[in-house]
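The sequence and structure are shown first.

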Amino acid sequence: MTNLPKTPSFDLSGKKVLVTGASSGIGLGCAVAVAEAGAQTYCAARGLDRLTQAVEAMQAAGYSAETLPMDQSDIEAMSKALAEHAFDVVVNSAGIARHSAAIETTPEDYDAVMHINLRSAYFLSAQAAKAMIDAGKPGSIIHISSQMGHTGGIDRALYCAGKHGLEGMIKSMAMEWGKQRIRINSICPTFIRTPFTEATFSDPERLAWIMQKIKLDRVGEVEDIMGAVQYLASDASAMVTGTSLLIDGGWTAG
Ligand SMILES: NC(=O)c1ccc[n+]([C@@H]2O[C@H](COP(=O)([O-])OP(=O)(O)OC[C@H]3O[C@@H](n4cnc5c(N)ncnc54)[C@H](OP(=O)(O)O)[C@@H]3O)[C@@H](O)[C@H]2O)c1
């Protein structure tokens, strides 16, 4: 009889997973996805009210979830949280946008966006990897990047600069941490319906641009991201590192 291969497990039982930006949108979707796969889920964001409501809803649905309030512009606080918990998986979805024409971008907008989208992502990754190395265990770090880490966009020079930077950072970090079996990857969504995209979707010109670029003839929903995060967090992606998973409805295909 032929020896059949076994599909690697998507199960996250017994894993401790940190999800940042977990109070809203894609981050909340990621938190539910890993919790549904059995993970003990730590949900981080700044605003405690919204975070508590999200975690209470997850607990009511039977998931293992708790709050971990954290401002990611505070590198020291982030470092403390990561050293305290030996996370197996870190999903970083916290992020902001300040879209404008490049010639109108202010230094304040530049600093605000780069601070959270790149600087905090950099140190979160480094501190998560250090904690995993110290604990002597493998891990998976997943950043919610964007299709805008692979292409340009209208009024998005600043946002693209941060997300392209994130993609380069991931490749180099994957080279550094492979031997310790610490994987780092990104998920790159197209436009997803969340509070983040409300202003863009209510602008008819921008919505027309989006619908013309997405080949699958609809905008993305949070649910479109949830399978990808289970995959990258689990053994199902054990050989995947230093790369990005585009969930862009064909946007970057042409
Ligand atoms: N929605 C899209 O179309 C789309 C497409 C591609 C990529 N993305 C990326 O996906 C990620 C999440 O987007 P989303 O649509 O889910 O946005 P969202 O609904 O606005 O959620 C953003 C989350 O980040 C948290 N956050 C913001 N600043 C923070 C800080 N300084 N420290 C800690 N947490 C912070 C927010 O909570 P608090 O404000 O309470 O801290 C919130 O939980 C972002 O990185 C974004 O660039 C989004």
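## Terms and basis of the model

In the classification by residue type, Ala, Val, Leu, Ile, Met, Phe, Trp, Tyr, Cys and Pro count as nonpolar, Asp, Glu, Lys and Arg as charged, and the others, Gly among them, as polar. By these classes, the shell around the ligand holds 14 nonpolar, 13 polar and four charged residues.

The model is predicted: local features need pLDDT of at least 70 and side-chain atom pairs count only at pLDDT 80 or more, whereas totals for chains, interfaces and linings use all residues. Residues are numbered from 1 along each chain as its sequence is written, and side-chain values use heavy atoms, with hydrogens and water left out.

## The ligand and its shell

The ligand is surrounded by 31 residues, the closest being S23, S24, Y159, I192 and T194; a residue is near a molecule if one of its heavy atoms lies within 4 Å of it.

Taken alone, the ligand exposes 890 Å², of which the protein buries 93%; accessible areas come from the Shrake-Rupley method with a 1.4 Å probe, and for residues only the protein chains shown count as cover. Helix 1 (25-36) and helix 5 (157-177) are the elements that give two or more residues to the shell around the ligand. Helices (H or I, at least four residues) and strands (E, at least two) are DSSP runs, numbered from the N terminus.

## Loop residues with positive phi

Two residues other than glycine have positive phi values: R181, at about 60°, and D217, near 65°. R181 belongs to the loop between helix 5 and strand 6 (182-189), and D217 to the loop between helix 7 (204-213) and helix 8.

R181 counts as exposed because its relative accessible area is 60%; exposed means over 50%, buried under 20%, and partly exposed in between (1.4 Å probe, protein chains only). D217 is likewise exposed, with a relative accessible area of 60%.

## Buried residues

Helix 4 (residues 107-135) contains D109 and S120. D109 counts as buried because its relative accessibility is 17%, and its side chain is joined to that of R98 by a polar contact of 3.0 Å. S120 is buried at 1% relative accessibility.

F87 lies in the loop between helix 3 (75-84) and strand 4 (89-92) and is buried at 3% relative accessibility. Its C-alpha atom is 9.5 Å from that of A129, which is 42 residues away along the chain. A228, in helix 8 (residues 223-233), is buried at 10% relative accessibility. The C-alpha atoms of A228 and A135, 93 residues apart along the chain, have a separation of 26 Å.

Notes. A polar contact is a pair of N or O atoms within 3.5 Å; within protein, one must be able to donate a hydrogen and the other to accept it, and residues adjacent in sequence count only if both atoms are side-chain atoms.
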